[in-house]
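Subject: Structure for you to look at

Hello,

Here is the structure I said I would pass on. My notes on it follow below.

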Amino acid sequence: ADLLHHYVDVHFARAFRYLLERLEQIELLNGTRLIDAGMAVWYNDNGNGPAHAPSNIPHVIAGSANGFLKQGEYIQASGVNEANHAKMLNTIGTAAGLRKDGDAHLDDFGDPMLPKGVLSELLA
């Protein structure tokens, strides 16, 4: 089973690389590249393959969403209960331009029992 997971990961990595190459090729009217104006996200649904753990799920975010997100760094979000999938989705949505009333960051996606907000470690 582990070997099969390896082949699946390699396939998705190649597909993600192809997407990034295409996004880098597209130049916008203001001279920036599409990948820099937006972002592409790749992550596994589970933290450790066959065991299907819901924690320690790595995410790859390419593109800064016009400078909203840090780039070129490995970032480990702090706290087991603080870093959750809902916060990641709030962060991605906010980076994409979605806002609450008053231009506030998204903070209410997902399970209302989990901590709210964005992953501030990812913000530029």
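This is a predicted model: local features need pLDDT of at least 70, side-chain atom pairs count only at pLDDT 80 or more; totals for chains, interfaces and linings use all residues.

L114 sits in the segment after α3. K87 is one of the buried residues of α3.

Helix α3 itself spans residues 85-95 and is mostly covered, with 9 of its 11 residues buried. Besides K87, the buried residues include A86, M88, N90, T91 and I92, and also G93, T94 and A95. Part of what covers them comes from β1 (40-43) and β2. After the helix comes G97, which has a positive phi, near 110°.

On the strand side, the residue I looked at is H59, in strand β2 (residues 59-62). H59 is partly exposed because its relative accessible area is 23%, and the cut-off for buried is under 20%. Leaving aside residues up to four places away in sequence, H59 touches V41, W42 and Y43, as well as H85 and M88. M88 is among the buried residues of α3. H59 and I75 are 16 residues apart in sequence, and their C-alpha atoms are 9.7 Å apart in space.

Regards

Technical notes
Residues are numbered from 1 along each chain as its sequence is written. Side-chain values use heavy atoms; hydrogens and water are left out. Helices (H or I, at least four residues) and strands (E, at least two) are DSSP runs, numbered from the N terminus. Buried means under 20% relative accessible area, exposed over 50%, partly exposed in between (1.4 Å probe, protein chains only). Contact means heavy atoms within 4.5 Å.
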